[in-house]
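Visitor: Could you take me on a close look at the aromatic rings here and what surrounds them? I am new to this structure.

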Amino acid sequence: MSPRPFWPPLWAGIALGLVLFLTFILTGHGLGASGFFTRLTADFGQWVMPDLTANNRYLGDYLRSDPLRAWITWEVLAAFVGALVGALSGRRFRPKIERGPSSAIPSRLLMSLLGGVLTGLGARLARGCTSGLGLSGGAALAVGGFIFLIGFFVAGFLFSFMVRRYWK
Amino acid sequence: MIWPLYDSGIAAGLLAGFLFGFVLENAGFGSPRKLTGQFRLEDWSVFKVMFTAVIVAAALLWLSKQLGLMGAESYHIPTPFYAAMAVGGVLVGAGFAIGGYCPGTSVAGLAGGRLDALVFMIGMVAGTALFAAWFGPLEDFYLAFPGPEAQTIMDLTGVPEWLIILILALVGWGGFKLGTKVERKLGGPYKAEDLFPREKQVRSKE
């Protein structure tokens, strides 16, 4: 079975904009993703090193006071389900390690891990990620959102230049 | 003012999240090759989709305020922290180029069966833990150069909101044109059939 084509970018962008606007109407804030991984880190920390986590200024405060902790958990879990429905209905579900044609599995996984570490650090520093700060902050025409997006695109080009042979 | 409803309950989270994930996957944003193609200039979908979404949502928010459906300061506008948000953006951009995802797209990637997305998520948890562990020495930088609370582009420049949206739309339109031209020259964009080769079929008798 061949996969169904992706939506054209203009239609996908309009759809994403409508979903984002709907989220603002319902909740008064936009979409997010990295907050879910903060919660995961805090919960995992509480499990394996409870004292250290509760006493950590950043994670301790997060666990005590972040009001969107529950919301973002449901949102991200549902995003997984929505994407799964998209992949299955589009005949695009394939268990695999996606990598460039000349890239080996160990190097791809190592780069995934490294990219994840940098992203985790960066999203906490920026107080959000491409969705929460870039997309939602951008739609709110917030200066912070655009500062983030400029940094994101500049670094994307610079680092892509260094690793392009892994993807090509 | 009937909006926002300020309902950050389970149902609102499930609905927003489901649609978010469904759109991301259908845009092809579960695929790290397609996503990173933006920075090799072979595939401008990231720019096109994000820019369109920002403009559509910004225009609808503006319209809602014009029609009196929504109050001016009624929804969340993040306060800028210039230093931390710029460097944070740089780190997330680097992580995206190297690892192939950002937090949201890694969820779409894993949902499409990609184990590299799971490894990326483990990395994010480790990165978050590192940030928490280093929060003491990082805190000064985290709070450095704050802007005014909930500062918007309108506050910064004095340009009216409708004109900002119009300028963004023009920049987006130019980016679409340029992107499509460059994509074609470089052999892109990535189509679903390039990324999901048809499984070899047993030839049946014709």
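Guide: Happy to! A charge sits over a ring if NZ of Lys or CZ of Arg is within 6 Å of the ring centre and within 35 degrees of the ring normal. Arg127(A) lies in this way over the face of Tyr142(B), 3.7 Å from the ring centre, and over the face of Phe81(B), at 3.6 Å from the ring centre.

A word on the basis: this is a predicted model, where local features need pLDDT of at least 70, side-chain atom pairs count only at pLDDT 80 or more, and totals for chains, interfaces and linings use all residues. Residues are numbered from 1 along each chain as its sequence is written, chains are lettered from A and ligands numbered from 1 in the order in which they are written, and side-chain values use heavy atoms, leaving out hydrogens and water.

Now the ring pairs. Rings of Phe, Tyr and Trp (its six-membered ring) pair if their centres lie within 6.5 Å; planes under 30 degrees apart count as stacked, over 60 as edge-to-face and the rest as tilted. Over all chains, a search of the whole structure finds 23 aromatic pairs. In one of them, Phe153(A) and Phe39(B) have ring centres 5.7 Å apart and planes at 70 degrees, so the pair is edge-to-face. Phe153(A) is buried (under 20% relative accessible area, with exposed over 50% and partly exposed in between; 1.4 Å probe, protein chains only), at 18%. Phe39(B) is buried too, at 4% relative accessibility.

Returning to Tyr142(B), its ring centre is 5.5 Å from that of Phe135(B), with the planes at 75 degrees, so this pair is edge-to-face. Both residues are buried.
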